[in-house]
Amino acid sequence: MLAISSVSSSTAWADDKPFAIAIHGGAGTIKPSDFTPEKEQAYRDKLTQAVDAGYAVLDKGGSSLDAVTTAINVLENSPFFNAGIGAVYTHNEQHEMDASIMDGQTMNAGAVAGVKHIKNPIDLARLVMDKSVHVMLYGEGAEEFALTQGVTLVANETFDTPHRYESLQRAKAKMEQAKLDNKDYLVAHSELDTEYKVGTVGAVALDKQGNISAGTSTGGMTNKRYGRIGDSPIIGAGTYAENGVCAVSATGHGEYFIRYHVAGDICAKVKYQHKSIIQAADEVINQRLITAGGTGGVIAIDQRGNIATPFNTEGMYRATRKRGEEAQVMIWRDN
């Protein structure tokens, strides 16, 4: 009888453990005036689908890693967001995608950069973590590895979308006008609107076992050149997770997130300065980063399932869901 009671108590205790997930679909120039009611609802529905898919994994006792990849897959498969199917165009009118994932329990991580033929880059990042001795693989090497793991490559045209192509043409036109105005490349690029420099998807999750994970996937920056790689595949910049501390996925102007080690800095504040996840994330995004001129935001979660979603742009597509609660979906600051 004692053994049965002990097992029952242990099971009940496990069932009471907190679990939660947060996702983002990118931060940037997201104006309410640009949305019809139908368009806004479509975005909210997709965010709900993604966060609910990840939550369902956690609710069934699945791992935070599986929840993160499941949620990100939904976003990668949507043309609404700058990742996978919705990836932006490079200057050469192609798509080059980056992704990373990190396991807070083992501190293991996997990342891919500059891949052109991978339908779901976050899945390949997971394979790099689980099936290779490396952390990051780039370009053709990453895709060769994908083939050894049974991943089917797809045509780069798979990621073509009319609205992203139009955005590329607008960015090119702005840069050409800048040349006529005798502005050098650095000045011209700095004057591009935020919408051309940001856009990413990501997820962070805490599972019933107390393990936290983070993942990020992106098509990068519109009109990017020279094989540019942003923060999304860089551990500590765009993605970070450590059990007992926090998990972070970032979105924004990647160069700043790399320079300021944004994801790692937030977790360091939690770990060493004993700040709450909300305070730590806010200090980095709305104080340190914005003072430096960096734009974007993060989603972050701690060991108790507390969630922070700060951003310093006009909007950030995001959704959260905690144990026993319905999904909360937000785009702007007030909703």
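## A buried asparagine in a loop

At 14% relative accessibility, N312 counts as buried, because buried here means under 20% relative accessible area (exposed is over 50%, partly exposed in between, with a 1.4 Å probe and protein chains only). This is a predicted model, where local features need pLDDT of at least 70 and side-chain atom pairs count only at pLDDT 80 or more, while totals for chains, interfaces and linings use all residues. Residues are numbered from 1 along each chain as its sequence is written, and side-chain values use heavy atoms, with hydrogens and water left out.

You'll find N312 in the loop between β10 (307–308) and β11 (315–322); helices (H or I, at least four residues) and strands (E, at least two) are DSSP runs, numbered from the N terminus. So what does the side chain of N312 reach at 2.9 Å? That would be the backbone nitrogen of G296. A polar atom of the N312 side chain also sits 3.3 Å from the backbone oxygen of G294. Polar contacts like these are pairs of N or O atoms within 3.5 Å; within protein, one must be able to donate a hydrogen and the other to accept it, and residues adjacent in sequence count only if both atoms are side-chain atoms. Setting aside residues up to four places away in sequence, N312 touches I285, N286, L289, I290, G294, T295, G296 and R333 (a contact means heavy atoms within 4.5 Å).

## The protein as a whole

Stepping back, the protein has ten helices and twelve strands. Of its 335 residues, 54% count as buried. Among contacts with a separation of 6 or more, 68% are between residues 24 or more positions apart.

R44 belongs to helix α2 (residues 37–59) and is buried, at 14% relative accessibility. A polar atom of its side chain lies 3.0 Å from the backbone oxygen of V329. Not counting residues up to four places away in sequence, R44 touches V329, M330, I331, W332 and N335.

E143 lies in helix α5 and is buried too, with a relative accessible area of 9%. Its contacts, leaving aside neighbours within four places in sequence, are V115, K116, H117, I118 and L153.

Two packed helices are described by the angle between their axes and the distance between the axes. Here the axes are lines fitted to C-alpha atoms, for helices over the stretch in contact, and angles run from 0 to 180 degrees between N-to-C directions. Under 35 degrees counts as roughly parallel, over 145 as roughly antiparallel, 65 to 115 as roughly perpendicular and the rest as oblique.

Helix α4 (residues 121–131) and helix α5 (residues 139–148) have axes that come within 10 Å and cross at roughly 75°, which means α4 is roughly perpendicular to α5. On the α4 side, L124, L127, V128 and K131 meet A142, F145 and A146 of α5. By class, that contact holds six nonpolar residues, no polar ones and one charged. (Ala, Val, Leu, Ile, Met, Phe, Trp, Tyr, Cys and Pro count as nonpolar, Asp, Glu, Lys and Arg as charged, and the others, Gly among them, as polar.)

How do helix α3 (residues 64–76) and α4 pack? Their axes are 8 Å apart at an angle of about 150°, so α3 and α4 are roughly antiparallel. The α3 residues involved are L65, D66, T69, I72, N73 and E76, and those of α4 are P121, I122, D123, R126 and M129. The classes here are five nonpolar, two polar and four charged.
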